[in-house]
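Good morning, everyone, and thank you for making the time. Please take a moment to look at the sequence and the structure before I walk through a few places in it.

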Amino acid sequence: MKGVCAEQGIIARQHTNTLLKELFRKSIHLCSAFVPFFLHLAKWPVLAILAVMVVLYSITEYIRLHGKTVPFVSAITAAAARKRDENRFVLGPVTLSFGIILCALLWQPLPAAIGIYALAFGDGLASLCGKLFGKITIPCTQGKTVAGSLSCFAAIFVSAFCTCRSALVSLAVASVGMFIEVLPLKDFDNVIIPVVIGGCATVLLGMP
């Protein structure tokens with residue numbers, strides 16, 4: 001009986017640690033929602049800063065993988081890394097920044113903001129809600145859940161509507177975003193979601 005209780009305690013602690021790690025990761029995701037505001041103030045300096053951050057992060061990851069640590073940066077990486085990232089280059093921050101940069105370069109400010117918000121809120125909340133409330137998994141999606149997908153749809157719809165004030169456009173981009181989020185793309189959804197959503201918003205809003 002004691003052995004069973006101990007095992008259950010270990011499982012509960014592992015689950016709690018997983019949730020805390022996911023919460024930390026997605027808090028970084030959610031912070032990208034501030035980017036459209038800063039892009040409005042100074043687009044090119046902000047994009048340059050993001051590009052420099054990608055380079056510096058890549059250097060620190062290379063150093064970390066060779067057994068050395070970089071103060072602060074390595075600690076954040078370790079705290080945010082998932083099990084599948086152990087002893088590997090943690091790609092998430094790179095794809096996150098690259099997705100934002102590409103979206104801002106390709107699309108005008110309004111559709112670009114819709115794409116970036118979709119990444120920040122839709123993709124950010126989907127994983128967190130899936131971990132917290134996901135009971136029903138979707139086949140062939142490597143563990144994606146109905147709760148996570150619905151959360152993604154709702155978050156993108158609300159953020160898009162607050163940005164463009166069009167229910168039709170918001171419904172369309174939320175549907176596309178939910179479909180992309182369900183795909184087993186791993187970290188590359190950080191690039192695909194903002195770029196595709198921004199492109200869809202550009203077409204639906206009739207912008208060149």
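In which helix does Phe-38 lie? Phe-38 lies in helix 2, residues 35-41, where helices are DSSP runs of H or I with at least four residues, numbered from the N terminus. Before I go on, please keep in mind that this is a predicted model, in which local features need pLDDT of at least 70 and side-chain atom pairs count only at pLDDT 80 or more, while totals for chains, interfaces and linings use all residues. Residues are numbered from 1 along each chain as its sequence is written, and side-chain values use heavy atoms, with hydrogens and water left out.

Phe-38 counts as partly exposed because its relative accessibility is 41%; buried means under 20% relative accessible area, exposed over 50%, and partly exposed in between, with a 1.4 Å probe and protein chains only.

Let me turn to helix 7. Helix 7 covers residues 146-164, and its 19 residues should span 27 Å at 1.5 Å a residue, which agrees with the 27 Å between its end C-alpha atoms; the expected span is 1.5 Å times one less than the number of residues. Several residues of this helix are buried, among them Gly-148, Cys-152, Ala-155 and Ser-159. What covers them includes helix 6 (109-133) and helix 8 (167-182).

Just after helix 7 comes Arg-165, with a positive phi of about 60°, although Arg-165 is not a glycine. Most residues other than glycine have a negative phi. Arg-165 is placed in the loop between helix 7 and helix 8, and it counts as exposed because its relative accessibility is 62%.

Finally, how many salt bridges does a search of the whole structure find? The search finds 2 salt bridges, each being a side-chain nitrogen of Lys or Arg within 4 Å of a carboxyl oxygen of Asp or Glu. One of them joins the side chains of Arg-64 and Glu-61, at 2.6 Å from N to O, and these two residues are separated by about one helical turn because they are 3 residues apart in helix 3, residues 43-65. Lys-144 forms a salt bridge with Glu-181, with the closest N and O atoms 3.9 Å apart. Lys-144 lies in the loop between helix 6 and helix 7 and Glu-181 in helix 8, so this pair ties together parts that are 37 residues apart in sequence.

Definitions and conventions. Contact = heavy atoms within 4.5 Å.
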